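The entries below follow the order in which I looked.

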Amino acid sequence: MTTPPPDQLRICVVGDELAAGVGDPKGLGWLGRVTARTHAPSLTMVFPLAVPGETTTALSARWEDEFNRRASHDPRIDQRIVIALGRSDLAAGLTLARSRLNLANILDVADDRRISAFVVGPPPGLAADRDRLAELSAAFADVANRRRVPYVDTFTPLVNHEQWLGDLAANGTVYPGQAGYGLMAWLVLHTGWYRWLGLPDDEASGS
């Protein structure tokens, strides 16, 4: 008789280069910091699956294949998806309606397949994009909220945050550094992350 495999938690994180922590000298990004604070009783596997400059159209087309490659038919394995949304829809000229539809399609397919989803919205970037990005983040939040999917608004808390703005200025890019990714991680951890995973809320204390 063979020994059954241990229970597992598998989290696929699909998104653009922000999901990979680009700009962080420690190479952790927000995801590495969140993973370090996630202490599930089962074996936890987190797979960051980033594509630079990816729009929601491209993300909608690839996420399911990425997920399937890491999925298991073993019911003891808890398999989840994090959609880490970036800012590339703006540069690509996608309409707000198209961006909304792309996210809706992702979440609806995940729901049909009973894959629990969690959405992290785009953080502030170029000052010139501020108003459009605020609209985009609000649209993404509305799509997720209508489906009762957790949504982390990283734009509103950070758009005027001194540390965030200082980090972008120091990097000289639209990517945060160590402090900025730490702020994003804090927002994720304090906006339903533990509840989504069925872990005690007090896991977040001291984050």
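Which residue in strand 5 is the bridge partner of V119? I looked it up and found Y151. I noted that this is a predicted model, in which local features need pLDDT of at least 70 and side-chain atom pairs count only at pLDDT 80 or more, while totals for chains, interfaces and linings use all residues. Residues are numbered from 1 along each chain as its sequence is written, and side-chain values use heavy atoms, with hydrogens and water left out.

I found an open sheet of five strands in the order 2-1-3-4-5, with parallel pairing; strands pair if DSSP finds at least two bridges between them. Helices (H or I, at least four residues) and strands (E, at least two) are DSSP runs, numbered from the N terminus. The edges are strand 2 (43–50) and strand 5 (151–152), each of which pairs on one side only. I also wrote down that strands of a sheet pair through backbone hydrogen bonds, either parallel or antiparallel.

Entry on the pairings. Strand 1 (residues 8–15) is joined to strand 2 by eight bridges, and there I11 stands opposite V46. Strand 3 and strand 4 are parallel over five bridges, with F118 of strand 4 as the bridge partner of V82. Two bridges join strand 4 to strand 5. From strand 4 the chain crosses through helix 5 (residues 130–146) to strand 5, and this β-α-β crossover is right-handed, meaning that, with the strands pointing away from the viewer, the path from the first strand over the helix to the second runs clockwise. I found a right-handed crossover as well from strand 1 through helix 1 to strand 2.

Entry on the helices. Helix 1 (residues 29–36) lies across strand 1, strand 2, strand 3 (77–84) and strand 4, at about 175° to strand 2. Helix 8 lies across strand 1, strand 3, strand 4 and strand 5, at about 180° to strand 4. For these angles, axes are lines fitted to C-alpha atoms, for helices over the stretch in contact (heavy atoms within 4.5 Å), and the angles run from 0 to 180 degrees between N-to-C directions.

Entry on the rings. I found four aromatic pairs; rings of Phe, Tyr and Trp (its six-membered ring) pair if their centres lie within 6.5 Å, and planes under 30 degrees apart count as stacked, over 60 as edge-to-face and the rest as tilted. The centres of F118 and W196 are 5.1 Å apart and their planes are at 45°, so this pair is tilted. Because F118 lies in strand 4 (residues 116–120) and W196 in helix 8 (residues 178–197), the pair ties together parts that are 78 residues apart in sequence. Both F118 and W196 are buried, that is, under 20% relative accessible area, where exposed is over 50% and partly exposed is in between (1.4 Å probe, protein chains only). F118, W193 and W196 form one aromatic cluster.

Entry on one side chain of helix 8. M184 is found in helix 8 and, at 2% relative accessibility, counts as buried. Not counting residues up to four places away in sequence, M184 touches W30, P123, T154, L158 and W164.
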